[in-house]
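Here is a short report on one structure.

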Amino acid sequence: MNWQLMWDSLPRMLGGLTLTLQLIVGSLALGALVAFGVALLRLSGNRVVETLAAAYVFVFRGTPLLVQIFLVYYGLGQFEFIRDSILWPFLREPYWCAILALTLNTGAYTSEVLRGAILSVPQGQVEAARACGMSRALAFRRIVLPVAIRQMLPAYGNEVILMVKATSLASTITLMEVTGIARRMIAQTFAVFELFIVAGAIYLVLNFIATRLIKFAEWRLTPYLRARA
Amino acid sequence: MLELLSFGPNGWGGQLLMGTAMTVAVAVSAFAFGILVGSLGASAKLSHSLALNVVADVYTTIVRGIPELLVIYLLFFGGSGVATSIASAFGYDGRVDLNAFTIGVLAVGLISGAYSTEVIRGAVQSVPFGQIEAARACGMSRWLILRRVLVPQTLRFALPGLGNVWQLTLKDTALVSVTALAELMRITHLAAGATRQPFLFYSTAAVLYLMLTTISTALFNRAEISANRGVRRA
C-alpha cells in the first residue's frame, strides 16, 4: 500500500468534487420539479395524460442510465433541427447533457415515490380540509403535500444515494468528476487499490452526509413525534 | 435507415442480437453469483460471530455506497493482479489474466450480492422462529431444517426483493461495456460510431433493454404466484 500516493492523489480527486456536487444538486433539484409535475399528471384523472406520464416512467426506469446518457449526448446531436435550435449551445456541452439525463432519470424514480406518498395520505384528512371550506388547491398545498413529503422522505433518501452514485456515469461522456479523475489516475499510475480507496472514500463520505441530511429533514418535519422538553 | 437494423450483411441486427445474448449471459451469471454471495453475506450477518457481522456489514455498506462504475474499474484494472497473487499463493507462478466476461460477472455479481445480502437476511428473519423450534422438536438435524423449512420459505419471502435486485443487475451490466466486453451497450456504441446514426442505435438498445426488463418482470411475477400457491389469501 502506497500511502504517500494516496495522500498526494487526494487534492486532485477533490478537484473533481465541485463537478460531482454540481451534478448531484443540479439534477436532484431539477429532477424534483420533473417528479412533481409527472406525479400530478399521473394523478390527473385524464386517461391520455396519465398514459403518457406512465410511459415516461416506464421507459426511464426500465433502461440503464448509461443508455439514457448516451442517447442524450450522442443521439440528440444527430438531428439537424436540434443543432439549429436555441437549445444547441446547451446540448452541445457534456455537462448539460449529463444534467439532463440524470434529471430525467431521477424524475422518473422520484415521481413514483411521490405518487405513492400522495396516495397514502388518508382520505379523511382531505375530506376534513374540504369540509373546513378549503379549495382543492389549498387542501393539496396545505394538507396533502406536506403529509406526502414527510411520508416519502425515507424512500427519497435511497434515491438521493442512487443519484450520488449515478453522477459517476458522467465520466463516460468526458466529464472529469471524481470517478473520471480516478480512472485517469489509475491508468497513469496503475495504483488501482490506493486510488480506488481514495475515490470510494469520497463517495462514502458524500453518501454519509446525504443520509444525515435526510435524517435531519425527517426530524425537522416530525415535531409531533419528539418528546416535549 | 431501418435496414441498418436488419440481419443482412449491411445490417447490425445479428450483432445486436448477439450483444443482447451476451448481456443476458452476464446478467444471469452475475445474478447467480450475487445470490451465492448474498447467501453467504446473510448467514454472516445473522451469525453470532462479531467478526463475521462486521465483515458483512463493511461489505454491504461499501459496495452499496460507492458508484458501480468504480467497482468495475477496480476489477478491470486490478482483478488480474489479485488473481495472479492468489494463484501464486497456491504455487502457480505464471500470470493469470481474467477475461472481460469473468471481470464483468465478478464486478456486477459483487454489487448484486450486496443487495441480495439484505434481501435474503430480511427473508430469513421473516420465517417464524416457532417453525424452527417445531422442526427441532421433531428431531430434525440442522441441515434438514435448512433444507426442508428455512430455504423453501426464505425463497418465497425473498422473491419480490430478488426481483428488484435482478432489475438492478440487468441494468448494471450496461456499465461492463467500459471493459470492451461485446455486450449490448458496447455493440450499440460501435454501431452508432460506424454508421453515424447514434439516435437510432441507442433507442434500439433502450427498446431491447425495456424488452428484457418487461419479460423478466413478468417471469418474476409468475414465479411469485407459483411460490405462493400454497399460501392462503386474506
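## Record and model

UniProt positions are given here in the numbering of this model, and such annotations may be inferred rather than shown by experiment. In an unreviewed entry, UniProt lists residues 17-214 of chain A as "domain: ABC transmembrane type-1". The model itself is predicted.

Over residues 17-214, chain A is 83% helix and 0% strand.

## Chain A

Chain A has eleven helices and zero strands. Read from the N terminus, its elements run α-α-α-α-α-α-α-α-α-α-α. Its C-alpha atoms fill a box of roughly 70 × 60 × 25 Å, taken along the principal axes.

The chain has 229 residues, and 38% of them are buried. Take the contacts in chain A between residues at least 6 apart in sequence: 78% join residues at least 24 apart.

## Where chain A meets chain B

How many residues of chain A are in contact with chain B? There are 27, and they touch 28 residues of chain B. Four helices of chain A each supply at least two residues to this side: α3 (47-62), α4 (65-75), α10 (178-189) and α11 (192-221). Helix α11(A) gives the most, with eight residues.

By residue type, the chain A side divides into 16 nonpolar, nine polar and two charged residues.

## The nonpolar core

The largest nonpolar core has 111 residues. Those with the most contacts inside this core are A:V67, A:A199, B:V71, B:I72 and B:A107. Helix α7 (residues 94-120) of chain A gives the most to the core, with 13 residues.

What does B:V71 touch, leaving aside its neighbours within four places in sequence? Its contacts are B:V63, B:I66, B:A107, B:L110 and B:I111. One of these, B:A107, is also listed among the core residues with the most contacts.

## A position in chain B

B:A223 lies in helix α8 of chain B, which covers residues 198-227. Why does B:A223 count as partly exposed? Because 16 other C-beta atoms lie within 10 Å of B:A223. A residue needs 20 or more to be buried, and 12 or fewer to be exposed.

B:A206 stands 17 residues from B:A223 along the chain. The C-alpha atoms of these two alanines are separated by 25 Å.

Conventions. Residues are numbered from 1 along each chain as its sequence is written. Chains are lettered from A and ligands numbered from 1 in the order in which they are written. This is a predicted model: local features need pLDDT of at least 70, side-chain atom pairs count only at pLDDT 80 or more; totals for chains, interfaces and linings use all residues. A nonpolar core is a set of buried Ala, Val, Leu, Ile, Met, Phe, Trp, Tyr and Cys residues joined through C-beta atoms within 7 Å. Two residues are in contact if their C-beta atoms, placed from the backbone, lie within 7 Å. Ala, Val, Leu, Ile, Met, Phe, Trp, Tyr, Cys and Pro count as nonpolar, Asp, Glu, Lys and Arg as charged, and the others, Gly among them, as polar.
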